[in-house]
Structure formats: C-alpha cells, structure tokens
Amino acid sequence: MRAWWKAAVVYQVYPRSFADSDGDGIGDLAGIAGRLDYLARLGVDVLWLSPVYPSPQDDAGYDISDYQDIDPTFGTLADFDALLAAVHERGMKLVLDLVVNHTSDEHPWFAQSRSSRSDPKRDWYWWRPRPNNWRSAFSGSAWELDEATGEHYLHLFSRKQPDLNWENPEVRAAIHAMMRWWLDRGVDGFRMDVVNFLSKDPALPDGSGAGAWTGAEHYVNGPRIHEFLHEMHREVFEGRAETLTVGEMPGVTVEEARRFTDPARGEVDMVFQFEHVQLDQGASKWDPRPLDLRELKASLGRWQAGLADTGWNSLYWNNHDQPRVVSRFGDDGEHRVRAAKLLGTILHLHRGTPYVYQGEELGMTNAPFAAIEDFRDIESLNHYAEAVAAGSAPEEVLAALRARGRDNARTPMQWDASEHAGFTTGTPWLAVDPNHVEINARAALADPDSVFHHYRRLIELRHTLPVVAHGDFTMLLAEHDRIYAFTRGHEGVELLVLGNFSGGTVTAEIPGWEGAELLLGNYAQRSEPAAGLELRPWEARVLRRLHR
Ligand code: TEU
C-alpha cells in the first residue's frame, strides 16, 4: 500500500511570523486559523507548525519549558483544538514540532535535575565535573557550569537548552507518553528536531577539529540512534495509521537515510538532509560562496538515486533556519517571479515529499537588515559577538548575517500592502520587509500569473499525475553549469523537467522531445515554436510525452 504522504505537500508555518490576531506583534494560533482558506486554496495537504509550546523563547520556541501546553503568546489548548478541528474540516492534516534533544533550562525536569547531584532526575541530563571540547552550534563551549552543584551540563545549542540524556529509559518513556498525548488529541505526526543527535557516545570523548560542531562525530547518528528511533516508533506510532514523521538530521548521509527511512525498519518516514543547503559556503555557513549548479545537481541526484528503491526523500529549499531561496539560488531582482517559479518547479518535480515554507509561494526574499540591532536570532547574535570579539570587522560579519542569517526566513508573512503587511495591527517583533508593498498574498491571489498560482498548479500536478509522486528519476546534462534537467517516468508517461538557472538564454541539447505537450512553464507560450529546447532567462518547462 503506497504511503499517503508520497503524494502530499507539506506547508511549514512559523507561528511567530505567520498571522497575529491580537495585535501584540507576534503571530498566534487564532491568526493561523484565520488563514486556513488561503492554505486550502494553495492545495497543501499537511501543515507543520514550528513550536507553540510554553517557552522563554531563548531560541524562538525551540527551548520548551512544558511539552503539553500552548505558550500564552500563541493562545491556549482550546485555541489549538479549534485550529486542529478547522484544519481537519478542510481535509488537511497537522504535524507538530518535536524538540526532545533538549529542553529549556526552565523546564521542571531541568529545575529538578540541577537542584542537587543526588536528585532522581540528575541523570535526565548530561552532567560532568569537567567539560570536554565540544562546541555549541550557537558559538562557544557546549558546556555550562552550574555554580550551585559545581558540575557542568551539556547544551549543544544555547545554554538555556540543556540536552536530555536519552540513555535514561525514564527520559524516553516520558517523551513517548507526551507524543501519544498529542496523537490522542488528533495531531497527525511530528517533525523531529535534530533527532539524529539523541544518542551520544556515553564516554563523551573530546572531538577532533575545532570550530562549530566540534565533537559532532560523537553525537551525530550516535551509537544507539536506530534503537531509539525504532523504540519510539514501536511505543508511539505502531497501530496508528495516517501519521507522518520527518526527522531533521544535520550530517545525515544517503546510506544512513536509507536505514532511517526504510519502512521495514520502523524508524521515520523521511528525513531532512542538509547537503544541498551547505554547498554554497566555505568553512562555515558564515563564509558564503556562489552556488555551483553542477554540485547541486550532483548532490540532489545522489539522494534521488540513493533513496530510489528504499526509503523516501523530503524536498525543501526553505525553512525557518535557511535564507530565502530566491535570493540565494535564484534572482530576487528583475527575474524574481520567474526564478521563484523555476525553483518551485525543479524542487516539486523531484521524487519525494515537497515542503513549502511560508512566503515561498509568494517569492518572498531575504530582508534588508541594516544593523545588528535589526537581528533577533540567537545564532546570528552570538556569532556576531564572537566574531567581532575575535577581531573580525563588524561590517564583514554583518554581510554574512544578511546573506545567511536565519532572520531572513522569519520576517512577517506578507499578506497585503498595508503598513505591517496585514500581519499585525501592533508592532511586529521583527520588521516587515518593505518590499511587501509589491510582494504579498492579496496581489498574488489576484494575479493568475503569480508565483502563488504557479505553486498551486505544481501541487495540483502532484495530486493528479501519478508520475509526479511515484515516477522514477533520471538526471540529465549533469555537467551543464546553467541547465537543470531531468526526466520522470511511470506507467508509460514521461516528463522532461527543464530549468535555466541563469539570466541568459541557453539551449538544452536533449533530442526526442519535439512536439511534446507543455504541461507547465513560467513564460507565456511562444507564438512560433522555438528551435529545440531553447530556454530564456530563468525559464522552467515541464513537458510530457507517452513512452516511446
Ligand atoms: O536546527 C538544527 C540545526 O542544525 C540548525 O541549528 C542549523 O544548523 C542552523 O540553524 C543552520 O544555520 C534545529 C531547529 O530547526 C533550529 O531552529 C533550532 O535552533 C535548533 O534545532 C535547536 O533546537
């Protein structure tokens, strides 16, 4: 039986920035509920909500102090139930963010654990008399000294995000019970945060190398990770149909992903891998480099081939941690609309489950952050402080934050051209991009040629043509530095997908497609047929023919 999510499209909502219903400048659940018809119009099947649980918001909600409630900023459990019912009424599903590699340091579990060395919950976290050399993803050491008990605790992210000790079966049982509690409430699955970090080498040995991620070899895809995920699957999902699980897995390889997503192994349905979002950088994400299209094709092509017969891919350009793709891999100036449509076309016609991040369907761009005061994200602020303290020129570091900072993804959703883009009647927690006067949902809905309606057609193709959801994948022109081309084939139907990742005109030398039917494109039909497969600036085309 084919899994339902192979023909589904997921839409990621970042609640802080989606829609504010009470004018406090921060998005909320009632705001999301008020925009469900917009999402239904787009045609998406599943909503993924980034965290809405009680949190001191040190890392924008990825630091949870209570797993079984809603942060008052976002609403109440009653608001959540109303939202869930409204989502289901529209035939859509809703998955929550599961953040269980760490809790907030304000979670009662950690308050107990740090209360004394002999507390029964001491071993729910990682305590050591002396730190090893592991580094936090948010700059600095991954260890914090607790003066009161004289020991250090591990935090791979901020010091207000202590890592849970998954070696402890009580920890695992408590998390399983919490997950069942949400599924019993009607939630349809989970996006699992850094879920391949749960198993650490209990000896906590020093890591080799230096810089961010030092020590990663001792906790990325750790020794018991498959055991933990299989146990979770058995304890939480077994016997529950129609759920979806996607594991966010920095550092996961194709080989590992085959094991994680092989249905026979009962771990997760799909993973978020990071290879394609780490190609355009040098030593770190703060060292941006131009993308080489051949490298992108090589990477995505390898994941397509690697999970062709076992497992399943997720497909994404954007999320709340990545800069806007049209600014990153496309052109957010003259050709913004075409480039945004091209990027959507190329991604959605790969084999896998596509994820649309809020605003991507409008072609939203990176934002014009002027000064460090404009940023809010802990990862960026900590990096700026550490780099400037180490002697880097502030303007240089700012340039890296503008290009790769996570706040680029977190500017408020642009609903209309009004002062705060229809996001809030108050003062937004993060400034609205001034280009909202042009780029907004109201204008997009009214323009049949908009990026929105192109994404709607892409999603329709996945819902109506089995070749899109289930067809095999074949990369073409792998060595071409401006053309992305591949075919999909299934039960006698073949698609050719073409994209010109440049502002010039190029011709794809691919014989045998003369006269093929144009299923979707981002240019108006030509009056006279072009010679061969000539592609105009940022042109995308999807052609269909029946198997020869
Ligand atoms: O992200 C994990 C992760 O790998 C990111 O930190 C990523 O490396 C970085 O942002 C890329 O720049 C997850 C969540 O998606 C992120 O928002 C959280 O900050 C993090 O985990 C900790 O929960």
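In this predicted model, the axes of helix α10 (residues 336-348) and helix α15 (residues 451-464) come within 9 Å of each other and cross at roughly 15 degrees. Because of that angle, α10 counts as roughly parallel to α15, and the crossing of α10 past α15 is right-handed.

**Helix packing**

- Two packed helices are described by the angle between their axes and by the distance between those axes.
- Where α10 meets α15, the contact is made on the α10 side by V337, A340, K341, G344, T345 and H348, and on the α15 side by V451, H454, Y455, L458, I459 and R462.
- Sorted by class, the residues in this contact of α10 with α15 are six nonpolar, four polar and two charged.

**Salt bridges**

- How many salt bridges does the structure hold? The count is 41, and a few of them are described here.
- One of these pairs is R224 with E167, whose closest N and O atoms are 2.8 Å apart.
- This pair links distant parts of the chain, since R224 sits in the loop between β7 (189-192) and α6 (225-237), E167 sits in the loop between β6 (151-154) and α5 (169-184), and the two are 57 residues apart.
- R224 has a relative accessibility of 25%, so it counts as partly exposed.
- Another salt bridge brings together the side chains of R234 and E235, with 3.1 Å from N to O.
- Both partners are partly exposed, R234 because its relative accessibility is 39% and E235 because its relative accessible area is 35%.
- R265 and E267 form a further salt bridge, in which the closest N and O atoms are 2.9 Å apart.
- Elsewhere, salt bridges that share partners join D59, K285, D321, D377, E379, R406 and R410 into one network.

**Residues in helices**

- A298 lies in helix α8 (residues 293-306), and its relative accessibility of 46% places A298 among the partly exposed residues.
- The C-alpha atom of A298 is 9.5 Å from that of H276, a residue 22 places away along the chain.
- H470 belongs to helix α16 (residues 466-470), and because buried means under 20% relative accessible area, H470 counts as buried at 19%.
- Which residues does H470 touch, leaving aside those up to four places away in sequence? They are R2, K6, R351, R488 and H490.
- R2, one of these contacts of H470, is 468 residues away from H470 along the chain, yet the C-alpha atoms of the two are separated by 9.2 Å.

**Residues with positive phi**

- Most residues other than glycine have a negative phi.
- Q57, although it is not a glycine, has a positive phi of about 60 degrees.
- Q57 is found in the loop between β2 (46-49) and α3 (77-89), and with a relative accessibility of 22% it counts as partly exposed.
- E491, also a residue other than glycine, has a positive phi near 45 degrees.
- The place of E491 is in the loop between β13 (483-490) and β14 (493-500), and E491 is exposed, because its relative accessible area is 67%.

Definitions and conventions
Residues are numbered from 1 along each chain as its sequence is written. This is a predicted model: local features need pLDDT of at least 70, side-chain atom pairs count only at pLDDT 80 or more; totals for chains, interfaces and linings use all residues. Side-chain values use heavy atoms; hydrogens and water are left out. A salt bridge is a side-chain nitrogen of Lys or Arg within 4 Å of a carboxyl oxygen of Asp or Glu. Helices (H or I, at least four residues) and strands (E, at least two) are DSSP runs, numbered from the N terminus. Buried means under 20% relative accessible area, exposed over 50%, partly exposed in between (1.4 Å probe, protein chains only). Axes are lines fitted to C-alpha atoms, for helices over the stretch in contact, and angles run from 0 to 180 degrees between N-to-C directions. Angles under 35 degrees count as roughly parallel, over 145 as roughly antiparallel, 65 to 115 as roughly perpendicular and the rest as oblique. A crossing is left-handed if the near helix is turned anticlockwise from the far one by less than a right angle, and right-handed if clockwise. Contact means heavy atoms within 4.5 Å. Ala, Val, Leu, Ile, Met, Phe, Trp, Tyr, Cys and Pro count as nonpolar, Asp, Glu, Lys and Arg as charged, and the others, Gly among them, as polar.
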